[in-house]
Amino acid sequence: MPKENPCFFLGANSPKGFYSKFDQLFNYENGCRCVLIKGGPGTGKSTVLKKIAEALNNKGMSTELIYCTADTDSLDAVITEDCKFSVLDATPPHAVEPKYPGAYEEILDLSSCWNKDMLKNNAERIRKLFNLNRELHAGAKKYISAAAELLEEAARFSMETLLPEKIIRTASRICIKEFGKKRRCQGSEKLRFLSAVTDKGIFMLNNTPKTFCDKIYVIEDDCGAASRIFINTVRRMALDYGFNIITCRCGIFPGEKNEHIFIPEIRLGFMTSNRRHPVLAQPYRVIHAKRFSNEKQGGKNKLRIRFNLRTASELLGEASSCIKEAKAVHDELEKEYISAMDFEAVNRKTEEFLSTL
C-alpha cells in the first residue's frame, strides 16, 4: 500500500494579504535544487506538479504536497521529504525569481507554449478579469482583517482569566514524559500551514496529522489564548530537546501564532482545535482551555467574547465568499489561456523534464 503524502499550505490569506513562506524552499547551504514553473492561469502548472509528484513517488521518494489557498483542488508545490528538491508554481501571489539561476534553480516556462496572438486579441477581457480577481481578494483581506481584530480582542479577554504558570507546568510535564532523553544538539524547525481561509471556508487538511503521528494531544480552545501558551511551550521544549519539528502557524495570525506542533521522529503531535477548524484526528488526550481559567473572573467578559467569536466567524465566511468569487473569475481567466495553449507542447516539456529526474 503506497504511503500517503502529507499535505500543507505554504501561505495564508491573512489580514495583510497573502502571507508566503515559500522562501523556506531555498536552503542553498544544503545544496537544494528548485524548479520554478512559470505561466499564466490554465497553462497546466498544477497538472505538471501532479505528474512530478507521481514520478517522485514512483521512484520511492516521500514528498510533501503543497496546496493552493485560492483553489484547494490545485497544487502549488511538491517538496521531497529531505527538502533538497522542490518544484513550485512561481507565479503570483507567491511569485519567485531565481537567485542563482542554473546553479540552484531552473525555470520550467510554460508560457512558451501559448499563442501570443490569441491572448493579445482578448487582452481587454483578460485585463478586466485579472483586475476583478485582485479586487475580490482585496475584499477578502478586509473581512479577514476585521475578524482578526475581534479574535485578538477575545484572546485578550480570555487571557485576563488564565493561569499561565499552570498552562506551562502542564505542557512541560507532558513534554518531559513524551520526549525521553535530551539530545546534545538543538533541534530544527520548518514552518507550514495546516489550515487557511480558502474558497471552501476555513479549510483544514485533516488527513495530514495521521501521516506522521500515532499520538496526538488536542487543546480545545476557541479563544486561542491558552493554546498559544501551551503550543509555544511545547515548541520551545521540543527544539531544546533536539527534535526536528514541523510548526504549523495560524492562517489568520501567520506571523506570530503557532497552532500545531508535529514531531515525526517520535510520531507525536500537539494540535489546537476550535469551532473554526475542529481537529478530526483521533486524539490521545483532549485538554480543555477552561481548566486553566480562574473561575472567579470567568464571567466578566463572557458575552463580549461570545459576540466576538460569532461575528468573526461570520466575517471569515464573507472572506471565503470573496475568495470563492475570485476563483470563479480565475476559472474564466483559465478558459482564455486554455484556448490559447498548445498542450501537446506542454506535455513534451513535462516529459522532457521528468526524464531528467
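The lining of the largest pocket divides into 15 nonpolar, 17 polar and 10 charged residues. The classes are simple: Ala, Val, Leu, Ile, Met, Phe, Trp, Tyr, Cys and Pro are nonpolar, Asp, Glu, Lys and Arg are charged, and the others, Gly among them, are polar.

Before I go on, this is a predicted model, in which local features need pLDDT of at least 70 and side-chain atom pairs count only at pLDDT 80 or more, while totals for chains, interfaces and linings use all residues. Residues are numbered from 1 along each chain as its sequence is written, and side-chain values use heavy atoms, with hydrogens and water left out.

Back to the pocket. On a 1 Å grid over the protein atoms alone, a pocket is an open set of points with protein on both sides within 12 Å along at least five of seven lines, a cavity is a set where a 1.4 Å probe fits but cannot get out, and lining residues have an atom within 4 Å of a point. Points are joined across faces, edges and corners, and a volume is the space filled by probe spheres set on them.

The largest pocket holds about 1,000 Å³. It is lined by 42 residues, and A70, T91, P92, P93 and H330 are the closest to its centre. Strand 2 (11-14), strand 3 (17-20), helix 1 (45-58), strand 6 (75-80), helix 3 and helix 7 (302-338) each supply at least two lining residues. Helix 3 gives the most, with eight. Helices (H or I, at least four residues) and strands (E, at least two) are DSSP runs, numbered from the N terminus.

Next, the cavity. Of its 18 lining residues, C250, I252, E259, R276 and H277 lie nearest the centre. By class, that lining has nine nonpolar, four polar and five charged residues.

Finally, the whole chain. There are eight helices and 16 strands. The radius of gyration is 22 Å, close to the 21 Å that the globule rule gives for 357 residues, so the protein is as compact as a globular protein of that length. That radius is taken over C-alpha atoms, and the rule is 2.2 Å times the number of residues to the power 0.38. Along the principal axes, the C-alpha atoms fill a box of roughly 70 × 45 × 35 Å.
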